[in-house]
Structures are given as structure tokens and as C-alpha cells.
Amino acid sequence: MGAMPARLNPFVATVSLRRAVALVLVAALLLGGVAVLLAATSSGGTTAQARVDTTAVPTTTATAAEQVFTASQPGDCLTWTAPTVSDLSVVDCATPHRFEVAAVLDLSTRPEPELAATAPLPGADTFTHLRDTLCVPAVTSYLGGRFDPYGLFTVGLIDPGELAWDSGERSVRCGLQHVGSQGEQFPIVGRVSELDQSDVAPVGSCADISAAGLPSDPVDCRQPHASEVVAVLHLAGRFPGAFPAVAEQDAFLDEACRTAAAAALGGPDAASARGLTVFWTNLRPESWAAGSRSVSCLVGARLPAGGFAPLLGSATAPASPAPAASPPPAPAVAPPVPDATIQGG
């Protein structure tokens, strides 16, 4: 197998965005109007999309969506398809949904002046603060303390919307969602408490390639991509006890992932013959404590200067994947320092 491979830390710069705590604000949708605002936070702070203004007609009759919002309780799973979330509904959690309600918080007793009875709907900064200070512990409690902060799911908040807020509604919903690095929401199937929260994608999944040449959100393998999952390994059998240090994980995964890649690609030399690197993810102590036990084995065309060359087609198909274009130039600004490790070589 050779010497232990070098870290591929830049890869995690994009993966960490999916693991970061994210915010969903359904803003003034429930009484005729306005926008969905998504924000993802990383160690660098909050990035939020601007609210989209539309014409909202005041009404004294609650819409069907508002009724769903005000009636939703912890354990309910919510979904919608309309950009305005006007078709908000409660669905069986065993079916695809966008949001699992973990807590209903009444803000009317909060001391902040921006939450007063006569105050207008606060901006994103206020709700981001409320999400971080109130929703994160509420979600952790909802999951019995087993929330993986580096896992697949993130904490979100839904506000009642401007018209409902102006009518005196001061409750918000804290919950769980699956949000990509660009703010796209992906469906959840099942209750999070019953799922492995590990940030892994199914075997055969490909990750989009960012402008910096790094893996990003899921994408069809027929499109240019940076990496492909060749195996998902569960570490519980190998490490049945306490959290295994990264070095212990690597000693096992160096061989296990290469073996898995050889089986998926058609031979022990298939990856190198196609110019592909085998690499893998690691679990962190916080993830282990939350019950996460799965890691990904992946392949990608690593560039000497960092990042990955774009590929077209599945690496496990009979034909070798070919570069979609010339390798992109090295980014002018170095990727941010990652909050997890990925190994490979």
C-alpha cells in the first residue's frame, strides 16, 4: 500500500459548508407572500440571500399555509414545492420532506426590543442569532443530545412571515434540514433520530466541481464533477468502542478504501491507470458521540497544484472517465482552513 498519504485538506473547504449550521426563514409567505431566505454559516460567518419583495395583500383570513405553520408541532415533517411556500403541508416523515420540526419557540417573552409586540419583522441577523442561541440547543435536546454538528443535517428556523408577525404572531419553528453549499435544499426521508447522520452520499454519487476545482454538492455523474463515491464504510464493526483517533481510522481506511476502489473500478491498478486518486473522509469526536459511524471512499483526478480536474461519466462505467476540460488554474486565494480532515493518496 505504500507510505501513508498526504492530507487533502482543501477538499473539506466545500464539504464543511454542507455540514455547517444553516438557516431557513420562510419570510411572509404564509399570509400572501414574499420570500424564502436561506443562509449557511461556516467558521467565517453568515452568508444570506436577500429577501425578495413581492406584493402582499393584507388579509384577516389565515391561509392554508399559515394554518399549517401555526399548527405544526415537534415531530412534524414539513414540505413544499412552490417558491412562495404557499403549499406548505405536513407529510409522513417516511416520505421526502424539507424540514423536521424539533421545537416551537414563543418569542413574545424575549427581552430583545426587536421582538416586541409593536416591532416589525426582524432582519436575517436577528433570526440567525436566535437560531444559533435557541434552535441549536433545542434541536440537540430534541435528538436526545445526539446531534452531529459535522453531519448531513443542519439546524434551521422558520419564521411566521411579515404579515403574521405584524398581526402578533411571535412563534418560530426550529428544526432539521439538508442544505447544500449553495443553499439548495435536498429531501430527507425518515426521522433524523432514526437515521445515521454521517455526511455521506450513496455509492455512485458524484460531487459537483466548484470554481476552485473542489468537490461541492451532489450532481449527475454525466455532468462535470470532482469526485465519485465508490464505497460507504461503517466503522462500528472495526471500532466498537471509544472514538478511534484519525490515525487509527486512516490505518484502516488506507487499505479498505483502496480495496473498495479496486472492486468498483475493476482491478487494483484501475484507479492509477485512469489518473484517479483514492481518498476518504474521517469522523470527528463530536460526530462519533452523536452516533455517526459512516465514512466515504471516493476517487477523483487530483491536480499536483491542488484541487481536482473535472471528470465526465462514472468512474465505474466500462469506459474511463475523461477530463471535461483543461484543469482549471489554481485559485488566486487559498481555500479557507477546513474544519475536518480528509485523507487519501
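**Notebook: salt bridges and side-chain exposure**

I began with R222, which is exposed at a relative accessible area of 67%, where exposed stands for over 50%, buried for under 20% and partly exposed for what lies in between, using a 1.4 Å probe and protein chains only. I note that the model is predicted, that local features need pLDDT of at least 70 and side-chain atom pairs pLDDT 80 or more, and that totals for chains, interfaces and linings use all residues. I also note that residues are numbered from 1 along each chain as its sequence is written, and that side-chain values use heavy atoms, with hydrogens and water left out.

I next looked up the partner of R222, and found that its side chain meets that of D220 in a salt bridge at 2.8 Å, N to O, the term being kept for a side-chain nitrogen of Lys or Arg within 4 Å of a carboxyl oxygen of Asp or Glu. D220 is partly exposed, with a relative accessible area of 37%.

How many salt bridges does this rule give? I count five salt bridges by it, and I followed up two further pairs, as below.

For R131, I found a salt bridge to the side chain of D132 at 2.5 Å, N to O. R131 counts as buried because its relative accessibility is 0%, whereas D132, with a relative accessible area of 36%, is partly exposed.

For E112, I found that its side chain meets that of R110 in a salt bridge, with 2.8 Å from N to O. E112 counts as buried because its relative accessibility is 17%, while R110, at 29%, counts as partly exposed.
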